[in-house]
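Come and read along while I look things up.

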Amino acid sequence: MALLIGRTIPEAHMLWVTDNPSLALERCLFDPRKPDILICDLMMDGLNGVRLTERIRQRNVQVGVIVVTSYDLATYGEDIACCGAQALISKRDFAATIREAFKSVSDGGTYPHGWGLIAYGGCRTTGSGWCQALLRSRAGGVASLCTSCTDR
């Protein structure tokens, strides 16, 4: 996927790739060069994509999150939107959709357009797979991506 991302989105600069979600969280929270966008798998060992995104949002870190999954999008869409992710894409459609998803999230939007908290009517989450790539757009950062999630 990392190679595909590099070829599909040449204007992006990949900061790092890891299969350790805890390391990805640490880098998103504490690294001086935080990524603009994190692309992660929904199902990862130890810390899934929902929990990873929730922890990023608990710290009010403005990193756009694109979650990738091989599971049915409708099954996990609400959980992923409620945790504060901006995009959900299928692994099956990854090559065809990653560029548009990246552009939308880097512009402060969601993918697919209208997806997320709007589509699910204001979610509530409890609490305050592998990370494929962290990307930094040369054009600039992601604006105001944090969502406000409260306990159920």
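My opening question: is Tyr-71 buried, partly exposed or exposed? I looked up its relative accessible area, which is 42%, so Tyr-71 is partly exposed. A reminder to myself is that this model is predicted.

**Rings.** I searched for aromatic pairs and found that the structure holds one. Tyr-71 and Tyr-76 make up this pair, in an edge-to-face arrangement with 5.6 Å centre to centre and 65° between the planes. I checked Tyr-76 too, and its relative accessibility of 23% makes it partly exposed. Next I looked at Trp-16 and found Arg-27 over its face, 4.7 Å from the ring centre.

**Cores.** Which residues touch the most other members of the largest nonpolar core? I noted Leu-38, Cys-40, Leu-52, Ile-56, Val-67 and Ile-80, out of 19 residues in that core. Two or more residues each come from α2 (21-30), β2 (37-41), α3 (49-58), β3 (64-69) and α4 (73-83). Another core of 15 residues lies apart from it, and Ala-12, Ile-37, Val-68 and Tyr-111 are among its members. I jotted a general remark beside this: in soluble globular proteins, nonpolar side chains tend to be buried together.

**Helix α2.** I listed the buried residues of α2 and got Pro-21, Ala-24, Leu-25, Cys-28 and Leu-29. Why do they line one face of the helix? Seen down the axis of α2, the buried residues fall within an arc of 125°, so one face is where they sit. Last, I visited the start of α2, where a side-chain oxygen of Asn-20 comes within 2.9 Å of the backbone nitrogen of Ser-22.

Conventions. Residues are numbered from 1 along each chain as its sequence is written. This is a predicted model: local features need pLDDT of at least 70, side-chain atom pairs count only at pLDDT 80 or more; totals for chains, interfaces and linings use all residues. Side-chain values use heavy atoms; hydrogens and water are left out. Rings of Phe, Tyr and Trp (its six-membered ring) pair if their centres lie within 6.5 Å; planes under 30 degrees apart count as stacked, over 60 as edge-to-face and the rest as tilted. Buried means under 20% relative accessible area, exposed over 50%, partly exposed in between (1.4 Å probe, protein chains only). A charge sits over a ring if NZ of Lys or CZ of Arg is within 6 Å of the ring centre and within 35 degrees of the ring normal. A nonpolar core is a set of buried Ala, Val, Leu, Ile, Met, Phe, Trp, Tyr and Cys residues joined through side-chain atoms within 4.5 Å. Helices (H or I, at least four residues) and strands (E, at least two) are DSSP runs, numbered from the N terminus. The arc is that of the directions from the helix axis to the C-beta atoms. A polar contact is a pair of N or O atoms within 3.5 Å; within protein, one must be able to donate a hydrogen and the other to accept it, and residues adjacent in sequence count only if both atoms are side-chain atoms.
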